[in-house]
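Reader: I have a new model open on my screen and would like to learn how to read it. Could you walk me through it, one feature at a time?

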There are 2 protein chains.
Amino acid sequence: MHSQINTNIGRYVSFDTNELAIFNSLMEFKAVPKKTILLHEGEMCNFEAFVIKGCVRKYYIDANGFEVILQFAIENAWISDISFSIYEKNPSRVYIETIEDCEFFMFNPETKEELFSKAPKFERAFRILMQRSLAVTQERLFNTISKTATEKYIEFLEHYPALPQRVAQHYIASYLGISAEFLSKIRTKMAKH
Amino acid sequence: MHSQINTNIGRYVSFDTNELAIFNSLMEFKAVPKKTILLHEGEMCNFEAFVIKGCVRKYYIDANGFEVILQFAIENAWISDISFSIYEKNPSRVYIETIEDCEFFMFNPETKEELFSKAPKFERAFRILMQRSLAVTQERLFNTISKTATEKYIEFLEHYPALPQRVAQHYIASYLGISAEFLSKIRTKMAKH
DNA sequence: CCAATACATTGAACTAGGACAAGAAATAAA
DNA sequence: TTTATTTCTTGTCCTAGTTCAATGTATTGG
């Protein structure tokens, strides 16, 4: 049951069975149906969720009412708005919503603190997770600025080969920062190579 | 001498005098003249630098040879390419270069490890720094995708009011992801409000 | 099973911003 | 100071991507 998440958390820092037992005892399992909004704009994000199964999106709504998807999270990824909410004590500006029926392991601020106090090595593991998120976001920023829409889409396909079969195309367009119509045109052009 | 950085590191986690003494003893002070490249693409980034004085930029070079500035760091900010280099053990894809004569306090991977082993609470402080960087980068990604060039420039002025006096205008354009010429046109338009 | 809704495609007209070029200002260097 | 180099501005033309609208195609749900 815990093997997926234990592999994930142990990827950059190794833990003994005792530490993993503490970790596993503090997480909460949660099954959530699709199209459930886990975090609304204006709320505090009080969870950090590991996706066991399913697909989630995190998005803003911009000044013109358009959704801009910041992140997709599928199996074995973490999703939260920790960067804004938990430590800054600001209400979040993003939504987090399930796209498919999902299963999660979740931490809340209290269980996470308890984890750190009982097994401080996890502090390091979460720091490294944070670094990885930063690296991914920075890469994404670079692509957004310096690649054409077609290049972005090709890069997306390489990075998330399974997603086009799982999520609506206009979500992908929103993630890439282009209009749904233009993505459609890119795809037809690519099809007749 | 250490008050700037001690205020910075103690902003989200408080440290006692002993812990700060360890911290201060492990950093290396470094003065660097302007236009010095601290990190070249393809190298490993082996430092984390706190800017005491001066201004630094971090940038990629894209497929067409254009520089894209990812970050400016001025007084009291941290700069590194930690996200890619240190833990991922990959060579960096970015350059880090001083724009003005600079003074830094620097950690390298060894002194940072020594810090964490002598005073583990710093692990948490660095995790929170990382979260803040992630928050800033995410905000920047959102702006890049969903604001017009003019809006981005106004937002930039609010966020970094002192920078236009300190760095070349085409650097700001590069940071905003627009051409230098277009930024110039935006500015003339704004001048005749 | 049909109706309703959400999703995808295509085309035509439009626009924000880019590329290029050439000159003006400012900084630096000598 | 004079010259050289870098930076900034302005204009013209051009294109990647948007917007809007119409049509078609899947999904969903009652």
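Author: Happy to. Keep in mind that this is a predicted model. Let's begin with a pair of strands: β4 (residues 56-61) of chain A runs antiparallel to β5(A), and six bridges join the two.

Reader: What holds such strands together in general?

Author: Strands of a sheet pair through backbone hydrogen bonds, in either a parallel or an antiparallel way. Here you can pick out one pair yourself: Val56(A) has Ala73(A) as its bridge partner in β5(A).

Reader: How many residues lie between β4(A) and β5(A) in the hairpin?

Author: Five residues separate them, and in that turn Gly65(A) has a positive phi of about 85°.

Reader: Is β5(A) mostly covered or mostly open?

Author: Mostly covered, as five of the seven residues of β5(A) are buried. When you look along a strand, remember that side chains in a regular strand alternate between the two faces of the sheet.

Reader: Which residues have the most contacts inside the largest nonpolar core?

Author: Val51(A), Val56(A), Val51(B) and Val56(B) do, in a core of 100 residues. Take Val56(A) as a worked case: leaving aside residues up to four places away in sequence, it touches Val51(A), Ala73(A), Ile79(A), Ile96(A), Glu97(A), Thr98(A), Ile99(A) and Cys102(A).

Reader: Now to domains. Where are they in chain A?

Author: The domain assignment gives domain 1 as 3-138 and domain 2 as 147-193. Their C-alpha centres lie 26 Å apart. To read the contact between them, look at both sides: eight residues of domain 1 of chain A are in contact with seven residues of domain 2 of chain A. On the domain 1 side, β5(A) gives the most, with four residues. That side divides into five nonpolar, no polar and three charged residues.

Reader: How many residues of chain A are in contact with chain B?

Author: On chain A there are 31, in contact with 31 residues of chain B. Both β5 (67-73) and α4 (121-146) of chain A supply at least two residues of the side that touches chain B. The most comes from α4(A), with 18 residues. By class, this side of chain A has 17 nonpolar, eight polar and six charged residues.

Reader: What is the strand order of the open sheet in chain B?

Author: The four strands are ordered β1-β8-β3-β6, with antiparallel pairing. At the edges are β1 (28-32) and β6 (78-79) of chain B, each pairing on one side only. For a pair to trace, follow β3 (residues 48-53) and β8 (residues 102-107) of chain B, which are joined by five bridges. There, Lys53(B) stands opposite Glu103(B) in β8(B).

Reader: And the DNA? Which residues are closest to DNA strand D?

Author: Ser179(A), Phe182(A), Gln169(B), Ser184(B) and Thr188(B) are the closest of the 16 residues that surround DNA strand D. The largest share of this surface, six residues, comes from α7(B). By class there are five nonpolar, seven polar and four charged residues.

Reader: Which residues are closest to DNA strand C?

Author: Gln169(A), Ser184(A), Thr188(A), Ser179(B) and Phe182(B), among the 16 residues that surround DNA strand C. Here α7(A) gives the most to the surface, with six residues.

Definitions and conventions: Residues are numbered from 1 along each chain as its sequence is written. Chains are lettered from A and ligands numbered from 1 in the order in which they are written. This is a predicted model: local features need pLDDT of at least 70, side-chain atom pairs count only at pLDDT 80 or more; totals for chains, interfaces and linings use all residues. A residue is near a molecule or strand if its C-beta atom, placed from the backbone, lies within 6 Å of it. Ala, Val, Leu, Ile, Met, Phe, Trp, Tyr, Cys and Pro count as nonpolar, Asp, Glu, Lys and Arg as charged, and the others, Gly among them, as polar. Two residues are in contact if their C-beta atoms, placed from the backbone, lie within 7 Å. Domain bounds come from an automatic or database domain assignment. A residue is buried if 20 or more other C-beta atoms lie within 10 Å of its own, exposed if 12 or fewer, and partly exposed in between; C-beta atoms are placed from the backbone. Two strands pair if DSSP finds at least two bridges between them. A nonpolar core is a set of buried Ala, Val, Leu, Ile, Met, Phe, Trp, Tyr and Cys residues joined through C-beta atoms within 7 Å.
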